[in-house]
Amino acid sequence: MSETRLTKISDRAPAALVLEDGRVFPGESYGATGESFGEVVFCTAMTGYQETLTDPSYHRQIVVQTAPQIGNTGWNDEDDESSRIWVSGYVVRDPARTPSNWRSTKTLDDALVDGGVVGISGVDTRSLTRHLRERGAMRAGVFSGEALRERDAMVARVREAQGMVGAALADEVTTAASYVVPAEGERRFRVAALDLGIKSNTPRMLAARGIETHVLPSTTSLDDLLAVEADGVFLSNGPGDPATADHPVALTRAVLERRIPLFGICFGNQILGRALGLDTYKLRYGHRGVNIPVIDVATGSVAITSQNHGFAIRGEVGKPFDTPFGAAEVSHYCPNDGCVEGVRALDVPAFSVQYHPEAAAGPHDAADLFDRFADLMEGNR
């Protein structure tokens, strides 16, 4: 088996990652062959590639793994964060020849093939990451097999692709029908979760706290949401430009008007920010990894967090602002670049953070936010 894998990797066909600014990074085909397009971004996580690949927030993005060795633990049947791989392309430096983990059921390469994900290996990911930090995330394409062609033709193909600004993607990743994740043990609360690209571990984290979660499509009407008779509303993570999410924003405003406790993460943070009257903007290259520090303004405490976002709320730390629902404030920020990492309403029961407290994968520093959500619902009874 080892000899077969060695031959398979060493005999890979040539491939190329082509950026919209004309830069080309050569490599070898990895995963499916063909061509794929998306916004190229880098993820600094040293672990959790299966969770990254199945995170709906990465829809229409080509993910570059900065960790040099990828695929060492193969692919298993337990760690998927959704029903499929969502990335549009995958870029790695040194893929594992033979996975080694007792839970592994197949190789990462095979998982990419099964998911139809066009990837590339053998890339100088250090040079590529530095390029993206200097120039910013941009449109790109991965080409292999018969799709590999003359450079100018590939660059032209990339420049025809849609960018991320103005991309409305939440409706493309949401559930087609509502479903329920029951509470573990006795039910304490019922939550209506708006699926903008929810990860599987979020309902599990809620269930562990006695919370029954009704996962609803992103297009859910206010009447259908209220019919759940929920104690609280959850806004999930998700892909795309939050400036396009007018329906979730309107729904959130209706929830705030009714003073139903609300908690949002990542894309949900941007939705709450917009509902409170703040603008959003695109970051130069975003935050993607599992080691990003966040400071809680109220306590000064620092949490190391898991993040995946290319847009952010525009706000000022330490200065409360007026909203149609009373006063609110920026509650968290990133010391690396000053990016807003959370907002909190002061006169209605609502808060959100830009990071991922469900930690799939990542540190558990922020897991207590689910407890705060439970406390908010308890205090609203």
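Predicted model: local features only at pLDDT ≥ 70, side-chain atom pairs only at ≥ 80, totals over all residues.
Residues are numbered from 1 along each chain as its sequence is written, and side-chain values use heavy atoms, with hydrogens and water left out. Helices (H or I, at least four residues) and strands (E, at least two) are DSSP runs, numbered from the N terminus.

**Cavities**

- A search of the whole structure finds four cavities of 30 Å³ or more, where a cavity is a set of points, on a 1 Å grid over the protein atoms alone, at which a 1.4 Å probe fits but cannot get out, and where lining residues have an atom within 4 Å of a point.
- The largest cavity holds about 140 Å³ of space, a volume being the space filled by probe spheres set on the points, with grid points joined across faces, edges and corners.
- The largest cavity is lined by 16 residues, of which Gly238, Gly240, His309, Gly310 and Phe311 are the closest to its centre.
- Strand β16 gives the largest share of that lining, four residues, and the lining as a whole divides into five nonpolar, eight polar and three charged residues (Ala, Val, Leu, Ile, Met, Phe, Trp, Tyr, Cys and Pro count as nonpolar, Asp, Glu, Lys and Arg as charged, and the others, Gly among them, as polar).
- The second largest cavity has a volume of about 110 Å³, and of the 17 residues that line it, Thr52, Tyr58, Val290, Ser306 and Gln307 lie nearest its centre.
- Two or more residues of the lining of the second largest cavity come from each of α2 (49–53), β15 and β16, with β16 giving the largest share, three residues.

**The largest pocket**

- The largest pocket has a volume of about 300 Å³, a pocket being an open set of points with protein on both sides within 12 Å along at least five of seven lines.
- Among the 14 residues that line the largest pocket, Arg133, Tyr285, Gly286, His287 and Asn336 are the closest to its centre.
- Strand β15 (residues 280–296) supplies eight residues, the largest share of the pocket lining, and this lining divides into five nonpolar, five polar and four charged residues.

**Packing of two helices**

- Helix α9 (residues 246–257) and helix α10 (residues 267–275) pack at an angle of about 65 degrees, with their axes 9 Å apart; axes are lines fitted to C-alpha atoms, for helices over the stretch in contact, and angles run from 0 to 180 degrees between N-to-C directions.
- That angle makes α9 roughly perpendicular to α10, a term that covers 65 to 115 degrees.
- The contact (heavy atoms within 4.5 Å) is made by residues including Asp246, Pro248 and Arg253 of α9 and Ile271, Leu272 and Arg274 of α10.

**Single residues**

- Cys266, in the loop between β14 (262–265) and α10, has a phi near 55 degrees, a positive value in a residue other than glycine.
- The peptide bond from Ala360 to Ala361 is cis, with omega near -5 degrees, and Ala361 lies in the loop between β20 (350–353) and α11 (368–379).

Definitions and conventions. Parallel < 35°, antiparallel > 145°, perpendicular 65-115°, else oblique.
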